[in-house]
Amino acid sequence: MQTNEDQIRLLERTISRLEVQAARRAARSAALSRVRLGIALVGVAAVYATDGAWAWVAGLAATAVFLFVARIHGRVVRSLKAHRIYIQIKRTHLARMAINWEALPPAESVEIPATHPFAGDLNLVGNRSVHHLLNTATSRDGARELATWLTHHQNHAMRQQWVRELIPLTGFRDRISLVSALVSREPEDRFDGQLLVDWLERPDDPGRVNVVLAVLTTLAALNIGLVVTHSLGLTGPWWVFSLVAYVGVYLMNSRLYSHLFDEAEHLYYALLRFRPVLERVERFRFHDRPALSALCAPLQREEPRPSRVLRRIMWLTVAASAQKNEILRVVLNLIGPWDLFFSRVLARYKGELGGRVPTWLAVWRQLEAACSLANWAALHPEATFPEFSDIPGEGEERDAPTRVEASTRAGASPSANAPLLEAEALGHPLIPPADRVTNPVRLEGPGYVALITGSNMSGKSTYLRTVGVNVCMAFAGGVVHATHLRLAPVRLFTSITVSDSVNDGISFFYAEVKRLRALLDALSDRDAAPLLFLIDEIFRGTNNRERFTGSKSVIEALSTGNGAGLVTTHDLDLVELPGIENFHFREHVADGRMTFDYRLRPGPCPTTNALTIMRMEGLPVPD
């Protein structure tokens, strides 16, 4: 079985080979530059050294040779650029494995509501997040889709199948990144399908456009005819009157085409980035990969091919944006209604593409999201795909068992039923492999509550996030950092990083109360899948007596609801509550130094370290 170290060595060998090839192309490019200069100098000298026809022959021959060498040089330069981009792609893979944030592309901005049940607590999106580490999408659509997969747990079985089939296709994934980078003007200049959607949804007035276009076309033809007859001396300067009428009608209806330039230019650059990668997908054959073949069918089986349709639109946008040159714009629109004509043609394409482009974009963003997860899986061969249990059929509704039903089914107790979650050697993907400590987890059926106690900085919060992040990775369709993980259909809800709000006048304690209220509301829904809850430092924002009373009541409510989960606390009085299972993390103090092994152990924590930390930092506390 291949290991992570094997993958690192493979990437390093690939980078070394590409660097040698790039160096050869750079040397060849420099040599060709000198050859082109030499040809130019020889050509100039030959022209001056000869007379008459021979000078023309020498000049034309030198020009032909120069253009031939320039064409070869252009190919070498493009190949050199492609090699340098490919080297950067491979180096970025290494940076993802080492979790070297500085070497990764900037994080994609993704908006997540503050009321989301778990995204804010698990560092799923944003800078230095799970999304930032995994995202290889070349488009903003793909990046947003990956964020959706991480934060909305639906269709995980199909997603996982796409990812499984994409893992061996390293060349296909990297080539998509390469092609996209080659046509981008800036590294952060990425395709955004929203531009296409906005263009399709922008309303037009085709009836009035047709009438105005017919009038202007008639006047333009009349202008040309009168100019010709006047130049032949057959008529007077009557074209002046028709031209004034033409300009008047044109200016009066300027709103019909005033948006054309900006719209055409934005559309052109969007298609310039999208069409090459779309063409790459169209040509690729997913042999023996039925899930990917079905996903990409709208791109590969439709006629005409999407890339050909988009090529036509690109040519139209080039012609439409001719008004970028003001002089050319005036000339073209004096000859005929150039702007209005292309506005009408592009509007006609909206009708043809309205039902197709959204499908193409949906396929593309799902493929890119799956490629991101497949790339992560390929870089981490020791990670595993999760197993899913008790998955209802397509379109079926699942009746979540209550605690009583779970305990009486087949005469079994809750612990005897299949757990909602069980995993071995579970680790956090955002922790570098050299520092990552793994632990098991097992959450029994609805009603199960595990209470985790432990010292400050011992790893309780990280453990909750490890569980939550791997659940999100599993439902997204990706691999998990565990030797084994089995997961039932659950809803995830967390209360870990609760914060106050100065603007809203909400204290930390009140914010935590509101969060727990939302969690308990979700827990009470017995028609939905069981809730998997993760609660860190319950009621840390109030005094000891009220914290114990409130925590006891909440834990009792958790143990009777439709869900199971983990609760961490410093309050050791809670470990005596009936019906819960205790675990703990601990610290080790030796020679005035405190160390942690971050290992989960059964039972309540036998030690505390708050006073020890105070003494170590020089605070006046007793031994």
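Predicted model: local features only at pLDDT ≥ 70, side-chain atom pairs only at ≥ 80, totals over all residues.
Let me start with helix α19, residues 544-558. It lies across β4, β7 and β8, and it runs at about 145° to β4.

Six strands form an open sheet, with mixed pairing. The order is β6-β7-β8-β4-β9-β12. Which strands sit at the edges? They are β6, 491-495, and β12, 601-602, and each pairs on one side only.

Look at one pair inside the sheet. Strand β4, residues 449-454, and strand β8, residues 563-569, run parallel and are joined by five bridges. For a landmark, find T453: it stands opposite T569 in β8.

Helix α17, residues 460-476, lies across β4, β6, β7, β8 and β9. Its direction is about 155° to β8. Is α17 enclosed or open? Of its 17 residues, 14 are buried, so α17 is largely enclosed by the rest of the structure. A quick geometry check on the same helix. At 1.5 Å a residue, 17 residues should span 24 Å. The end C-alpha atoms of α17 are 25 Å apart, which agrees. Then, just after α17, G477 takes a positive phi of about 105°.

Next, a separate strand pair. Strand β2, residues 421-426, and strand β3, residues 439-443, run antiparallel. Four bridges join them. Here L426 stands opposite N439 in β3. In a regular strand, side chains alternate between the two faces of the sheet. Now read along β3. N439, V441 and L443 make up the covered face. P440 and R442 make up the uncovered one.

On to helix packing. Two packed helices are described by the angle between their axes and the distance between the axes. Helix α15, residues 357-379, gives us two cases.

Case one is α15 with α5, residues 156-166. They pack at an angle of about 65°, with axes 8 Å apart. The crossing is right-handed. From α5 come W162, V163 and L166. From α15 come Q366, L367, A370, C371, L373 and A374.

Case two is α15 with α11, residues 290-300. The axes come within 8 Å and cross at roughly 145°. This crossing is left-handed. On the α11 side we have L292, L295, C296, P298 and L299. On the α15 side, T359, W360, V363, Q366 and L367. By class, that is eight nonpolar, two polar and no charged residues. Note Q366 and L367: they are listed in the α5 contact, and they are listed in the α11 contact.

Most residues other than glycine have a negative phi. Which residues go positive here? N123 does, with phi near 55°. N123 is found in the loop between α2 and α3. It is partly exposed, with a relative accessible area of 32%. D288 also has a positive phi, near 60°. D288 lies in the loop between α10 and α11. At 79% relative accessibility, D288 counts as exposed, the cut-off being over 50%.

Last item: a contact across the sequence. Q88 is found in helix α2, residues 52-98. At 40% relative accessibility, Q88 counts as partly exposed. How far is Q88 from L178? In sequence, 90 residues; in space, 9.7 Å, C-alpha to C-alpha.

Terms used:
Residues numbered from 1 in each chain as written. Heavy atoms only, no water. Axes fitted to C-alpha atoms, helices over the stretch in contact; angles between N-to-C directions. Left-handed = near helix turned anticlockwise from the far one by under 90°. Contact = heavy atoms within 4.5 Å. Pairing = 2+ DSSP bridges. Expected span 1.5 Å × (residues − 1). Buried < 20%, exposed > 50% of the residue type's maximum accessible area, 1.4 Å probe, protein only. Nonpolar A, V, L, I, M, F, W, Y, C, P; charged D, E, K, R; others polar.
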